[in-house]
Each structure stands twice: as structure tokens, then as C-alpha cells.
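Me: I have a model to look at and want to learn how to read it. Can you take me through it, step by step?
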Amino acid sequence: MTCRKIHKLIPLAAGDDLRPRQARAVMSHIDACPACRKELADFRRAMGEIRAAAKAERAAEWSSGEWDALMSRVNEAADEARAGEGRKAPGRVLWPRWAAASALGAFLCLIVLSVLFKGPSLRTEGSRNAGRAAVRSEAARQDKVAITMVSPETGLQVVWFLDKNFDWKGDRE
Amino acid sequence: MRMNETEKELITMVLSGRTEAFEPLVTPYRGPLLALATRLTRNREEALEVAQESLLRAFRSLGRFDLSRSFRNWLFQIAANEARDRYRKRTREQAAFKDVAGRAAVAPDPEAGHDREELRTGIMHSLAALSPREREVFVLRDLEDLDIEETSRVLGCSGISVRVNLSSARRKLREAIRRDFPHLEEGR
């Protein structure tokens, strides 16, 4: 490892928070490098100062009134839980928000999927007629129409060709 | 830190409806919880609200507590979440965090020397200047002495994230000391 890499790892090395493999690599470098050794020692000293100063900060305390008020709220919460359903244990909780959000998301997904992938729908008579009219109008745009007649007994096929004015243009067997 | 048998018994009692068992269950942690909240919020009044709300939440959610976990760390997790929620809410309301640091109402220790007091104030200001995640990680790992794994569990993030934020927090604090209190480094 280079000194530059070691310097990046020193904040964690100072608190022995490196993974074992990294820690071994750092220590083997530090054993051989006085500059990095000094940097680690300085960092550890600074961390010691910070910890000592932070821990020496006078700890906040509960006043007896604050604590008693909290315990009263706990008792009220317990009473509410009992009175609410009579069966609800104090530890029971309602569904968390994420569960409600997931359910809503799944419902919306179902709606979107049902819109995107429609199955066969029931058609009314009106819509069927509209479909036929559409086919007719499509046919009207064609220049040539072929009508095929097949004999079920002999299998003979006769194809008539008509133009867009339904004038006969020929046939084929 | 694992749970002891007394805690398990007290939890079982609370869950069976004996609410009076909750107070002896949480009394050993009321000091550490308020201290943690104070370090996270840098404001005594807000810390008290965080601690109170955390204990109420703990009571309501006790049924979900995993008995194989440390009860203290679970309380810390609730408090860290509560403090973070409040911080976000405050940010949304555009109350600048520096103002909060400025009105930090932690009482100074009159017995401490002037230099140490100055150092403490400077460090506390630097702590307030860390990002919320950096501050949480630093407080839990370096001041509450949780290890990396416990810290990651409490904060609900990966060990990598804890290490990254811890490294960043320590580096920033060290730079702050170097900048504001150069004699501490030079004098040694």
C-alpha cells in the first residue's frame, strides 16, 4: 500500500474499525513508515481529545416531573389500547405505512395492467354493425375484389375478379 | 450487549398487560437515551421530546421487539429514527440547522478548565456541522461505543455505509481541531 492509500484509511484505523485484512495491510505499512506511523498516532490523539470532550459534556437529566409525565402517557396509551378494542395487547401495532402503500401500489398496478392487456370483450349488436361497416368501407377502398366459389362435391374453385365498380374483369378456375 | 433474563421477564409482563413493568424495564436506559438524543439533536428540549417519544414508541411496538436483540440498541434505534425524522421535518420547515447548533442548550461544566471548555464547545459545534448520518454514526460508534455491526443495525444501513460515514466524520472533526485548536497538535 502507498502512503496515500494509508492516509485514506487512517480515520478507520485510528478506531480499529478496518476489516482484518485491511488492518493487517495498514499495520505492515505503518511498521515500516515513520511518517504514516506519526499520522496515525496524531489522529488517535485527536480522536481521544474529541471523545473525552464529548463524553465530559454534562449529561442531560430527566427531572422527576418529566419522567412521571412520560409514565402517565404510557399508562394512558395502555388504557387507550385496552379501551379501544379490549383485546389489543399494548405491543400490538397497526399496519405500518409501507404495507398500506404497497397495497395501494398493487391495486394501481392491477388497474394499469387490466387497461393494457384487455381480454375478449362482450360486444353489443351496435358495435358489431359498426365493425361490418368498417369492413365495407375498407373494401370500398380496394381497386379489385376477388370472389372465390368452391364446390363442396368436386372441389372445383372459381374465382371472379371485379373492379372497384363491380364490373366483371375475368375469372379463373 | 445481549438482553438479560430480567429484561425478558419484564417485556413478557408488559406484553401480558402489566403496564407497570414498563418503568423498571426502561429506567436503566433513561439516562443513556436522553444523552444520545442530546448528542444527536444538540438541543436539550428537543432531546427530551425525542427521548419521550422514543419510549412511547417502544411501549407501543414492544410486541415487535426481537428478544434475541439488545434492548438498549433497539431503544437507540428508535431514538435515532425519531431524531432523524425531526431533523428532516425541521429542514423542510427551513429552520437552519446552524441555528439549532447555536442555541445548543447544554450546560457547561464549571469545574472544567477554560481551554478544555473551549475545546468542548468547538468540538460540539463541529459535531453539529456533520451531516445527520455522519453525526449518528460518530455518536453511536465513538461516544456510545457500539461496534460497526451494532451501529449498522441501529441505523438500518450497511457496514460499508457506517465505515464510510465514520471515516468522513472523524476526518472532519480532526480537521476542525487542527484548524481551531492547532496548539493541541503542536504542543505534543
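Me: Which hand does the crossing of helix 3 of chain B and helix 5 of chain B have?

Reply: A crossing is left-handed if the near helix is turned anticlockwise from the far one by less than a right angle, and right-handed if clockwise. The crossing of helix 3 and helix 5 of chain B is right-handed. This is a predicted model: local features need pLDDT of at least 70, side-chain atom pairs count only at pLDDT 80 or more, and totals for chains, interfaces and linings use all residues. Residues are numbered from 1 along each chain as its sequence is written, with chains lettered from A and ligands numbered from 1 in written order.

Me: At what angle do helix 3 and helix 5 of chain B pack?

Reply: Two packed helices are described by the angle between their axes and the distance between the axes. Axes are lines fitted to C-alpha atoms, for helices over the stretch in contact, and angles run from 0 to 180 degrees between N-to-C directions. Helix 3 and helix 5 (residues 71–92) of chain B pack at about 30°, with axes 10 Å apart. They are therefore roughly parallel (under 35 degrees).

Me: Which residues meet there?

Reply: Contact means C-beta atoms, placed from the backbone, within 7 Å. From helix 3 of chain B come B:Leu33, B:Leu36, B:Ala37, B:Leu40 and B:Thr41. They meet B:Leu75, B:Phe76, B:Ala79, B:Ala80 and B:Ala83 in helix 5 of chain B.

Me: How many helices and strands does chain B have?

Reply: Helices (H or I, at least four residues) and strands (E, at least two) are DSSP runs, numbered from the N terminus. Chain B has eleven helices and zero strands.

Me: How many residues of chain B are in contact with chain A?

Reply: 46 residues of chain B touch 36 residues of chain A.

How values were computed. Contact = placed C-beta atoms within 7 Å. Parallel < 35°, antiparallel > 145°, perpendicular 65-115°, else oblique.
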